[in-house]
Amino acid sequence: SELTEQSIEPPTQFENRVEIVNEENQKSSRDNRHFVKMLYNVLLENEVEEHYVNQILKDMVRVIQNGNNLDYLLSNVYQKMILMLGKPKEIQIEGTKPKVIMFIGPTGVGKTTTIAKLASRFKLVEGKNIALLTTDTYRIAATEQLQTYANILEVPCEVVMEGDNINSFIGKHGDKDLILIDTSGFSHKNAEQKDNMEVIRKSISADCNLDVYLVLSATTKLRDLKNIIDTYKQFTDFNLLFTKLDETDTYGNILNCKMYSGAELSYISTGQNVPDDISVIDIQHM
């Protein structure tokens, strides 16, 4: 009763202000939804599997309803993808035993060249004492290629015909910092070659300081990548190393394979130049 007429805002002015606020909120909501749709399409265009896209964007409705701006939406998606990609698994040389790294994967993905790049980097840049070993007796050229790199780097390189000899080689080079093992590639459809690889892998002594890296090409279609992963997971754990990133414009399969396998990402290769075209995967850049 103490309020004067002048202190009461006319109803028409109040209603107009509410309408303006509602229009602004509706426009902001439309902009946010449009932005989420754009993100959805960008992820699909990069060949991220749809159910992973849905995982990334599933909380966006709640984020939108809370009135957050576009920068916040993008940051939210960015952080989710960072967590999904995880921390890369680098080769760590520590302890008194040599670090043994075994590279596995299908034919033609660049395992031998990848080994040459890493060997060059650890030998020339980090000054590590290195030895090379190959079990790839299917391709004579692969053995010659690795031996050529070994000669240039002035490091020992041997060919092992049987799995039992791997432990002898590792024992003989117990003074080395790093031993890199090349293996023959095989089709995931070839059961005999798969069994041979399993024998070689399991022949390595459990006392060895061993890590296994599955080398995959970024240009391989997802269905084949999954089949390859399934084949190798039957007999070993591994980290993921991707080659041929310079031959594709889409990187969604890196995320797909990380999520599908549960394995850690590690290095990426972006060309044939030794030792330059390899690096630890930059998760934030990816």
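1. Confidence in the protein chain is lowest in H1, with a mean of 69, and highest in strand S6 (residues 239-243), at 98. Here pLDDT is the predictor's confidence in each residue, from 0 to 100; helices (H or I, at least four residues) and strands (E, at least two) are DSSP runs, numbered from the N terminus. The chain has a mean pLDDT of 86, and 85% of its residues reach 70 or more.

2. This is a predicted model, in which local features need pLDDT of at least 70 and side-chain atom pairs count only at pLDDT 80 or more, while totals for chains, interfaces and linings use all residues. Residues are numbered from 1 along each chain as its sequence is written, and side-chain values use heavy atoms, with hydrogens and water left out.

3. Helix H2 (residues 50-57) packs against helix H10 (residues 252-261) at an angle of about 90°, their axes 10 Å apart. H2 is therefore roughly perpendicular to H10 (65 to 115 degrees). On the H2 side the contact (heavy atoms within 4.5 Å) involves Tyr 52, Gln 55 and Ile 56; H10 contributes Leu 255, Asn 256, Met 259 and Tyr 260.

4. The largest pocket has a volume of about 410 Å³. A pocket is an open set of points on a 1 Å grid where a 1.4 Å probe fits, with protein on both sides within 12 Å along at least five of seven lines; lining residues have an atom within 4 Å of a point. Of its 18 lining residues, Val 42, Leu 43, Asn 46, Met 81 and Met 286 lie nearest the centre. H4 gives the most to this lining, with six residues.

Conventions:
Axes fitted to C-alpha atoms, helices over the stretch in contact; angles between N-to-C directions. Parallel < 35°, antiparallel > 145°, perpendicular 65-115°, else oblique. Points joined across faces, edges and corners; volume = space filled by probe spheres on them.
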